[in-house]
Amino acid sequence: MTTYKVISTVTIQNKTIHDKKMNKQQAKATTIQLVKYGLVGVSNSLVTLVVIFLCDEVMGLKLMLADVIGYIAGLINSFIWNKTWVFKSHNKRLHQEAALFIIGFLVCFGLQFITVLLLRDPMKALEINLLGIPSDTFGEYAAICIGMAVYTLCNYAYNRFVTFK
């Protein structure tokens with residue numbers, strides 16, 4: 001009986017050690033995935049901001065319409081990079097994955113849009129003039145950047161656990 005307990009304890013300890021190794025491997029893989037997602041996010045943010053700026057400042061579109069167009073451009077960029085590089089999805093059902101991705105985008109974009117609407121006027125009221133950008137324009141873009149952070153965090157969680165699970 002004592003021998004059985006020793007073997008059982010060793011087995012339990014080995015299993016515990018094995019589980020800890022798996023958790024470290026999973027943590028490393030998740031960290032790498034988050035870094036990749038962050039890099040794609042930076043590229044998406046740049047694409048989105050450039051498109052918003054071009055639509056608003058160059059083409060003269062209303063800011064909120066420019067915001068929608070910018071996020072659509074970022075969405076296309078994001079789907080391609082997240083599917084192929086970040087989450088390395090080999091799902092053959094492209095339509096299903098794209099539909100889930102778009103649903104996640106719409107939910108997260110809605111949260112971002114509400115954030116921008118709620119923060120736009122208070123940020124404009126701060127009257128910050130930076131880099132020669134008028135304070136009201138700077139405030140609007142500051143609100144958009146905060147909205148982007150909300151969008152990015154929500155969208156990662158959605159895609160990690162729903163779209164590319």
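At 28% relative accessibility, Thr152 is classed as partly exposed, a class that spans the range between buried (under 20% relative accessible area) and exposed (over 50%), computed with a 1.4 Å probe on protein chains only. Thr152 belongs to helix H4, where helices are DSSP runs of H or I with at least four residues, strands are runs of E with at least two, and both are numbered from the N terminus. The structure is a predicted model, in which local features need pLDDT of at least 70 and side-chain atom pairs count only at pLDDT 80 or more, whereas totals for chains, interfaces and linings use all residues. Residues are numbered from 1 along each chain as its sequence is written, and side-chain values use heavy atoms, with hydrogens and water left out.

The secondary structure of the chain consists of 4 helices and 0 strands, and the order of elements from the N terminus is α-α-α-α. Of its 165 residues, 32% are counted as buried. Among contacts (heavy atoms within 4.5 Å) in the chain with a separation of 6 or more, 68% involve residues 24 or more positions apart.

Aromatic pairs were then examined. A pair of aromatic rings is described by the distance of the centres and the angle of the planes. Rings of Phe, Tyr and Trp (its six-membered ring) are paired if their centres lie within 6.5 Å, and the planes are stacked when under 30 degrees apart, edge-to-face when over 60 and tilted for the rest. Under this rule, 13 aromatic pairs are found. One of them, between Tyr37 and Tyr156, is edge-to-face, with 4.7 Å centre to centre and 65° between the planes. This pair links distant parts of the chain, since Tyr37 lies in helix H1 (residues 2–58) and Tyr156 in helix H4 (residues 135–163), 119 residues apart. Tyr37 is buried at 8% relative accessibility, and Tyr156 is likewise buried, with a relative accessible area of 12%. Phe105 and Tyr151 form another edge-to-face pair, at 6.1 Å centre to centre and 75° between the planes. Phe105 is located in helix H3 (residues 94–125) and Tyr151 in helix H4, so the pair ties together parts that are 46 residues apart in sequence. Both Phe105 and Tyr151 are buried. Ring pairs also join Tyr37, Phe79, Phe87, Phe101, Tyr156 and Phe164 into a cluster.

Phe164, a member of this cluster, is also touched by Lys83. Lys83 is placed in helix H2 (residues 63–86) and is buried, with a relative accessible area of 12%. Its side chain is joined to that of Glu97 by a polar contact of 2.5 Å; a polar contact is a pair of N or O atoms within 3.5 Å, of which, within protein, one must be able to donate a hydrogen and the other to accept it, with residues adjacent in sequence counted only if both atoms are side-chain atoms. When residues up to four places away in sequence are not counted, Lys83 touches Ser78, Lys88, Ser89, Asn91, Leu94, Glu97 and Phe164.

Two further residues of helix H2 were considered. Asn77 is in helix H2 and is buried, with a relative accessible area of 17%. Residues up to four places away in sequence aside, Asn77 touches Ser43, Asn44 and Val47. Ile72, also found in helix H2, is partly exposed, with a relative accessible area of 43%. A distance of 9.5 Å separates the C-alpha atoms of Ile72 and Val51, which are 21 residues apart along the chain.

The structure holds 1 cavity of 30 Å³ or more, a cavity being a set of points on a 1 Å grid over the protein atoms alone where a 1.4 Å probe fits but cannot get out. Grid points are joined across faces, edges and corners, and a volume is the space filled by probe spheres set on the points. The largest cavity contains about 160 Å³ of space. Its lining, made up of residues with an atom within 4 Å of a point, comprises 15 residues, of which Gly41, Asn44, Ser45, Tyr151 and Thr152 lie nearest the centre. H1, H2 and H4 are the elements that give two or more residues to this lining, and H1 gives the most, with 6 residues.

How values were computed: On a 1 Å grid over the protein atoms alone, a cavity is a set of points where a 1.4 Å probe fits but cannot get out, and a pocket is an open set with protein on both sides within 12 Å along at least five of seven lines; lining residues have an atom within 4 Å of a point.
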